[in-house]
Amino acid sequence: RMFHDDELEESEKFYVGQPRVLLLIYALYNTLVARSEMVCYFVIILNHMISASMITLVLPILIFLWAMLSVPRPSKRFWMTAIVYTEVAIVIKYFFQFGFFPWNKYVDYTKDKPYHPPNIIGIEKKEGYVHYDLVQLLALFFHRSILKCHGLWDEDEKGDSSSNKEDTDDELSLTGGRRDSSASLKSVNLAASVESIHVHFPEQQTAIRRKSSSSISQLSHRSSFSSHRSKRETLIISHPAILFFSESYSVVKSHCGLYCFRTLQVYVPIRQFFYNLIHPDYSAVTDVYVLMFLADTVDFIIIVFGFWAFGKHSAAADITSSLSEDQVPEAFLVMVLIQFGTMVVDRALYLKKTVMGKVIFQVILVFGIHFWMFFILPGVTERKFSQNTVAQLWYFVKCVYFGLSAYQIRCGYPTRVLGNFLTKSYNYVNLFLFQGFRLVPFLTELRAVMDWVWTDTTLSLSSWICVEDIYAHIFILKCWRESEKRYPQPRGQKKKKVVKYGMGGMIIVLLICIVWFPLLFMSLIKSVAGITNKPLDVSITITLGGYQPIFTMSAQQSQLKDLNQTGFSAFLGSYRGNTAALQFLEGYGKEDITLADLEGNSNSLWTISPPRAASLSCCIPTPPQDMAQGIVQKLLLPQLCSAAGVKTGGRHGGPISLLGTCFCWAEVGTLETVYPYYIKAPSDSLAKPIKQLLTDCRWENITVSLVKNVSDEGVREWWVLNQLGKRYKTSEESLELFIFSDKVSPPSLGFLAGYGIMGLYASVVLVIGKFVREFFSGISHSIMFEELPNVDRILKLCTDIFLVRETGELELEEDLYAKLIFLYRSPETMIKWTREK
């Protein structure tokens, strides 16, 4: 065998024979070595998330705007900058840990202040101030050792020096001995090679690269570099930038001075770096838009479920409860709009395939996000970024987006964008994901309109949407046809029970659940997940029809008592044998019953004018001997108005109206069957008496008396009431009232429970039933478009429309679209096109 080595073979056998744990450790180490630069990026970002200071802010920005944009990899200058900067940061932090600095004397008071200057700069005194910086420095040294082992540490420096030397020799020969000019030019190019400065043919080179992309891929790097260099050597003298730096250096130095020269030394390499990035000689075209979109979607979900982390006074807020109360938090609105706006701009740049716009957007987004997250957000939330876990998670996902975006810029946008990324293969996963994508409200429509706006096409918006709809429908049919080929069904064989009971049984259960969902939901929401709604205030008012109230009283706090288990058992025992009462009590527990102890003396004085007092006894044949007797006789008339109001934690229970109640009395001052002893306080309707718990459905008796108090200030009168037959005997005048409170739904489900049973039927069941009916009816009208045996030719026609659109053949796009429309207008042609091959 050729290249056979016994030692290598023995080494391979020894390696394979190692334990699995050791092999896993080897694999993890090799992964770490292969992705050592990603480890450095991760540690730098993690250090900035924990520290969140201006000192640690520099390196993450350099990562997204320098390191990840470098082709083919970050240069030695970047890694040396990161290493030296980390070392200097460690020294600075160590120096400011001494206690003689004024701000270090009140560390406990200022450590949580986000706008305290030492906290912003990163020089505050704290425990473990340098731990993450040391880990960052260790990761950077580890990456440097890996580069040195592979001979990549000094690669850039050697390449730059050799190219500078060759270009300098060529310039000397072409310019006729202008040694001073070339020397000055070489001094300018401390951060960029002369070769990079000489490239100034954006329009011509871009057009040539795109038209001859296939031929370029066949050329070697050496030959292409030589041809490019020869073209550069012939045009170097006439280039204005080179003439400026070579011939006018003395003028610049005399007029602008050393400061302007230093500024140019920094500006020129940066400008040339981004110029070469936008106009690369070669580009490995890639497409990571899907991953960027997923990163933005994750950030969008984090904002929706953690919006309270971006506001000041919304730490304890809940998005579902806020929206159910028709309240839109400002922090939630701003974050959602910004996130959605960046997703739209990113989609537009992707469709236009403009690398320059993506670079500008990347720079704006990197600086804007870092400025907002680390300087504005801490002031809004009044807490440091390092204490905001949700904001840290959002920033980390955004850093993943920045890395993907930098990779997209470095490699360049794809030449053609054909169809949806979910339609690249025809299996069940792509089918269900694509159908789920189309079910998201307005997402399909928004994507179609954006694609039409930012794509060069000759089709109108309606024609564009028509093509998109046909393509989606044909893709779904293609997936079903492929599944039928993978899992064929023999002819004449009945369906298996697993399929029938699996699919049919699931549909049956689903339809039954939809039909009976409101009843089941309202039953379980009260019995299983219901919350006890204790009354907060109980008030009672007795009013003569058309006159002022004669008695008002209320009970709060200590006057509202809960029943213990013994009292509740005794209460149930008193109704043993009463079927109606026991049936009513089954829905209540001891925690749902409240006893209100109302004092018998009225809260308000009874004031009435003499004419109105005389009118109270006008209907009595014999004038009463006493005003109280006359009033009591007046109470016998069917004009009594008694009301009891119950205020609960959920809402205000309505009064109980007892108008038109007829009764008799045995003695003066005693009112029979006028007092509602038991009251039901529903959460969504007016309070009402409970007749099931009354003896023979008759209300309780009370006694009334008018008390007069004669003093120097005048005569004062008020009414005193006392209940007869109270369960808890008391010697003083008082009234007892039992309140049965219905359970209420939890706040998180209140938006559904608030509709009630009929509301749920009208808003949920009927709407869902409409969609279900559309699925089961009208199938006969779509047979000619649904039952297509072979859709490959139609799918290829749609793909051809996408392809000619991307290549700019707009006239051919119109012809193919007309062919597609004719195909759907002609059933005979459709049959010929969709036959099995």
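Met503 lies in helix 26 of a predicted model, in which local features need pLDDT of at least 70, side-chain atom pairs count only at pLDDT 80 or more, and totals for chains, interfaces and linings use all residues. Residues are numbered from 1 along each chain as its sequence is written, and side-chain values use heavy atoms, with hydrogens and water left out. Helices (H or I, at least four residues) and strands (E, at least two) are DSSP runs numbered from the N terminus.

Met503 counts as exposed because its relative accessibility is 54% (buried is under 20%, exposed over 50%, partly exposed in between; 1.4 Å probe, protein chains only). Together with Val498, Val499, Ile507, Leu511, Phe775 and Phe776, Met503 makes a nonpolar surface patch of about 720 Å². Helix 26 (497-515) and helix 33 (756-776) each give two or more residues to this patch, and helix 26 has the largest share, with 5 residues. Patches are made of residues with over 30% relative accessible area and no salt bridge, like charges being joined within 9 Å and nonpolar side chains (Val, Leu, Ile, Met, Phe, Trp, Tyr) within 5 Å. Areas follow the Shrake-Rupley method with a 1.4 Å probe, and for residues only the protein chains shown count as cover. A salt bridge is a side-chain nitrogen of Lys or Arg within 4 Å of a carboxyl oxygen of Asp or Glu.

An open sheet of 5 strands has mixed pairing and the order 3-4-11-7-8. Strand 3 (560-562) and strand 8 (688-689) are at the edges with a single partner strand each, so one side of each lacks a neighbour in the sheet. Strand 3 pairs with strand 4 (residues 593-599) in the antiparallel sense over 3 bridges (pairing requires at least two DSSP bridges). Lys561 stands opposite Leu595 in strand 4.
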